[in-house]
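Have the model open as you read.

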Amino acid sequence: MHKSCPSCSSKHTKKDGFTPAGSQRYKCVTCSYRYTWQNATNKYLKAQIWFKYWVLEGLSKRQISNISPHSYSTIKRLCQYWLKQAPPTIPYHFAHIKYLLFDGTYFKHEHCLLVFMDYPTGQVIGHRYTTIRENYQTVYDLACELKQKGLNPISVTLDGHPSVIRALITVWPHVKIQRCIYHIIHQGSMWLRTYPKTQAGKDLKALLQGLGNNDREAFERDYKQVIEQHGEFIKRLSSKTIGEKDVKKAMALITNAQGNMWHYEQDENIAPTNNKLEGYFSELKQKYRAHKGLKKEHREAYLNWYIYYKNRAK
């Protein structure tokens with residue numbers, strides 16, 4: 001195929017040797033203009049590895065230019081080019097994916113990234129970047145999108161947001177909701193403070209701290225003892241005093257979570273915690289902070305490329 005002359009647009013061209021760098025040179029028969037043909041897309045594809053380093057390694061554009069054969073301005077153009085492109089779609093066998101993790105993470109309290117992760121592989125199979133907090137409608141829409149692709153999970157491990165649970169059960173009525181054990185321990189301990197002042201608070205905290213080591217039978221036995229000893233006292237606590245209110249909240253947390261705390265004992269493939277997803281978010285934010293000067297329209301693109309590259313690596 002003949003290359004059009006960039007000077008006069010004539011298609012009457014011919015090959016004219018090579019440049020000292022080895023590139024094919026062309027000559028226009030009409031105007032005698034000599035030129036080399038440059039394919040911009042191919043050029044960006046060859047240099048995409050540096051964009052990948054910029055996304056995954058948290059390196060600045062200046063650092064990339066120091067270790068690559070490209071100038072700072074070239075690396076800047078390269079990143080801008082790929083941020084405007086959508087990552088390729090990775091095909092998943094959604095019908096084979098059965099055990100999920102779900103959580104959301106926030107960026108500057110402005111935007112939220114919602115993620116469904118396949119627990120055995122650690123791959124993110126669905127995500128959504130939104131400007132509102134995680135709520136029923138957002139999670140419902142994302143879950144419906146995955147269901148249409150063939151996803152029908154056995155279990156989802158999550159923190160326990162009521163609207164999230166309602167959305168998932170609406171989409172998948174028979175899914176098992178596994179409450180994250182670590183979240184229950186962490187949230188309950190935070191409400192009970194480092195040094196609880198009441199005996200009820202002390203016993204509740206001891207109960208929570210033993211949650212990770214006890215089986216269901218031992219935990220329910222200890223929980224029943226706490227209810228018998230302190231149940232009436234906790235009910236009488238004031239809802240106006242912050243400290244007393246938080247003790248009641250810790251008690252309600254355990255009571256409401258009990259029905260969905262122990263699915264992992266019946267099925268070893270169910271994740272008892274969201275730790276794998278929390279670790280994923282921690283690494284993502286560490287890399288993202290290196291690029292905190294990103295324009296708003298580029299933030300979602302960066303997250304899409306990060307998830308794509310991490311999934312390809314698994």
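Here is a tour of the salt bridges, pair by pair.

This is a predicted model, in which local features need pLDDT of at least 70 and side-chain atom pairs count only at pLDDT 80 or more, while totals for chains, interfaces and linings use all residues. Residues are numbered from 1 along each chain as its sequence is written, and side-chain values use heavy atoms, with hydrogens and water left out.

Side chains of opposite charge can pair when their charged atoms come close. The structure holds nine salt bridges (each one a side-chain nitrogen of Lys or Arg within 4 Å of a carboxyl oxygen of Asp or Glu).

Begin at R221, which forms a salt bridge with D222; their closest N and O atoms are 3.9 Å apart. R221 is partly exposed at 46% relative accessible area, and D222 is partly exposed at 25%. Here buried means under 20% relative accessible area, exposed over 50%, and partly exposed in between, using a 1.4 Å probe and protein chains only.

Next, find K235 and E232, whose side chains meet in a salt bridge (4.0 Å, N to O). These two are three residues apart in helix α9 (residues 216-236), so about one helical turn separates them. Helices are DSSP runs of H or I with at least four residues, numbered from the N terminus. K235 is exposed, at 61% relative accessibility.

Helix α10 (residues 242-257) also holds K249 and D246, three residues apart, about one turn of the helix. Their salt bridge has its closest N and O atoms 3.7 Å apart. K249 is partly exposed at 32%, whereas D246 is buried at 8%.

Finally, look at R128, E145 and K149, which are linked in a network of salt bridges.
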